Amino acid sequence: MLSMIQSWDAAILLWIQANLRGPLDNVVAFWSNLGEAGIIWIVICLVMLLRKPTRRAGVTALLAMGICYLFNDMLIKNLVCRPRPYETVEGLTILITAPGSWSFPSGHACSSLAAANVWWRTLKKRWLKILLLVLAILMALSRLYVGVHYPSDVLVGALVGSVGGQLIWLASEKVLARRKENSN
């Protein structure tokens with residue numbers, strides 16, 4: 001089963017390289033690099049902290065990204081120790097500087113979807129929720145385009161981030177409900 005997934009992963013990456021790469025290479029590489037250490041999402045959260053209507057979204061997303069980072073990047077990556085695709089897939093070239101960590105699961109996908117899930121639940125403006133979700137998905141997909149993650153890395157990273165984001169949001173709801181009870 002694992003060898004079949006590995007084979008599909010490699011075939012998809014080589015297909016992306018052969019059929020999708022081209023004029024957008026620099027744009028996608030730039031976007032992917034903005035996700036290093038969750039920088040773009042952290043900056044968005046910090047901006048949200050400046051305004052009371054978005055403060056909870058910023059704080060909760062930062063918490064979700066931090067907890068998901070510990071689980072995804074510090075625990076799972078170091079237990080699985082999957083090499084990066086450019087190290088094992090013959091003919092695959094990368095468009096960015098080679099990352100120094102293991103491949104599985106994708107930290108970019110994890111942090112992006114953790115933040116997006118929190119924002120989806122906490123922000124009021126529909127257009128902003130949709131924009132941030134689309135940007136998060138594009139960040140996750142950029143990792144395939146630039147050749148530094150397998151599709152299964154991105155899927156699992158997105159799953160960890162989505163579940164983690166939802167759990168942190170639920171926990172924040174319980175904390176707020178208790179505060180309301182205690183203040184009454």
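**Rings and charges in the model**

Student: Over which ring does the charged end of R82 sit?
Tutor: This is a predicted model, with local features needing pLDDT of at least 70, side-chain atom pairs counting only at pLDDT 80 or more, and totals for chains, interfaces and linings using all residues. Residues are numbered from 1 along each chain as its sequence is written, and side-chain values use heavy atoms, leaving out hydrogens and water. A charge sits over a ring if NZ of Lys or CZ of Arg is within 6 Å of the ring centre and within 35 degrees of the ring normal. The charged end of R82 is 3.8 Å from the centre of its ring, and that ring belongs to Y150.

Student: How far from the ring centre of W120 is the charged end of K129?
Tutor: The charged end of K129 sits over the ring of W120. Its distance from the centre is 5.3 Å.

Student: Is D9 buried or exposed?
Tutor: Buried means under 20% relative accessible area, exposed over 50%, and partly exposed in between (1.4 Å probe, protein chains only). D9 has 4% relative accessibility, so D9 counts as buried.

Student: What kind of aromatic pair do W31 and W41 form?
Tutor: Rings of Phe, Tyr and Trp (its six-membered ring) pair if their centres lie within 6.5 Å; planes under 30 degrees apart count as stacked, over 60 as edge-to-face and the rest as tilted. Here the centres are 6.0 Å apart and the planes make 85°. The pair is edge-to-face.

Student: How many residues apart in sequence are the parts that W31 and W41 tie together?
Tutor: Helices (H or I, at least four residues) and strands (E, at least two) are DSSP runs, numbered from the N terminus. W31 lies in helix α2 (residues 25-34) and W41 in helix α3 (residues 39-49), so the parts tied together are apart by 10 residues.

Student: Which residue forms one aromatic cluster with W31 and W41?
Tutor: Both W31 and W41 are buried. The cluster also holds W119.
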